[in-house]
Amino acid sequence: MKQSSMVFRFLAEPTDVNFGGKVHGGVVMKWIDQAGYACAAGWSGHYCVTISTGTIRFHRPILVGQIVEVSAKIAHTGKTSMQIFISVKCGDPKTQSMNETNHCIINFVATDQAGYPVEVPSFVAKTDEEKRLEAYAIKMKEISIQAESLLQELG
Ligand SMILES: CCCCCCCCCCCCCCCC(=O)SCCNC(=O)CCNC(=O)[C@H](O)C(C)(C)COP(=O)(O)OP(=O)(O)OC[C@H]1O[C@@H](n2cnc3c(N)ncnc32)[C@H](O)[C@@H]1OP(=O)(O)O
């Protein structure tokens, strides 16, 4: 059976921190990309590339020494693309209570060795939560595609 989810857990390190002493947004985005890639590659059995991501809003900072959990799950699949739902949480490892810092949909395409898109196994949402995430993922993919032509449309 294909693996449809992946969880990374690790400590935020001093090398992850920006000048304000909090974890860089770009570092968080790298973690999102890595967890999304691992999930997409595991599901498709192919190398995958990031094609786009939905909005990422940072709700709260991540501090050095906190435990970080980046969970990735398949929310929807197209013919060659996979929409991965990512949730990032952090917390004090001593208390084990975690709060979500942000979530997003990140879109990957499975590719062959020449870099061309290849078909991926279909994901079937079964639970109410999976169906809710799938509806969200479909909407976010549409928004990503529409956003590509927005600048030209505005003249
Ligand atoms: C300090 C130390 C650092 C060390 C650090 C180590 C890193 C440790 C490794 C980590 C690992 C991470 C790895 C990540 C992977 C990369 O980071 S990859 C790098 C960034 N991404 C790229 O370079 C991709 C560049 N783009 C491409 O190559 C081509 O556009 C693609 C993706 C192959 C697509 O080709 P295409 O001919 O445009 O394909 P097309 O048939 O039009 O569309 C394909 C699918 O995309 C969908 N699509 C099109 N536009 C969009 C859109 N805007 N949004 C969503 N879907 C779209 C289409 O609807 C279609 O979906 P399906 O209907 O088939 O399901």
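I began at Lys 94, which counts as exposed at 73% relative accessibility, and I kept in mind that what I was reading is a predicted model.

From Lys 94 I looked for a charged partner and found Asp 92, which forms a salt bridge with Lys 94, the closest N and O atoms being 3.3 Å apart. Asp 92 itself is partly exposed, its relative accessible area being 27%.

I then asked myself how many salt bridges the structure holds, and the count came to four.

Next I turned to Arg 9 and Glu 69, whose side chains meet in a salt bridge with 2.8 Å from N to O. I noted that Arg 9 belongs to strand E1 (residues 5–11) and Glu 69 to strand E3 (residues 67–77), so this pair ties together parts that are 60 residues apart in sequence. Looking up the accessibility of each, I found that Arg 9 is exposed at 58%, whereas Glu 69 counts as buried because its 15% relative accessibility falls under the 20% cut-off.

I went on to helix H2 (residues 128–148), where Glu 129 and Arg 132 lie three residues apart, about one turn of the helix. Their side chains also meet in a salt bridge, at 3.1 Å from N to O. Glu 129 counts as partly exposed at 39% relative accessibility, while Arg 132 is exposed, with a value of 55%.

Last, I looked at the surface for nonpolar side chains, and I recorded a patch formed by Tyr 37, Tyr 47 and Val 49, which together have about 270 Å² of accessible area. Of these residues I placed Tyr 37 in helix H1 (residues 25–44), and I noted that Tyr 37 is partly exposed, with a relative accessible area of 30%.

Terms used. Residues numbered from 1 in each chain as written. Predicted model: local features only at pLDDT ≥ 70, side-chain atom pairs only at ≥ 80, totals over all residues. Heavy atoms only, no water. Patch = residues over 30% accessible without salt bridge, like charges linked within 9 Å, V, L, I, M, F, W, Y side chains within 5 Å. Areas by Shrake-Rupley, 256 points an atom, 1.4 Å probe, with all protein chains shown as cover. Helix = DSSP H or I, 4+ residues; strand = E, 2+ residues; numbered from the N terminus. Buried < 20%, exposed > 50% of the residue type's maximum accessible area, 1.4 Å probe, protein only.
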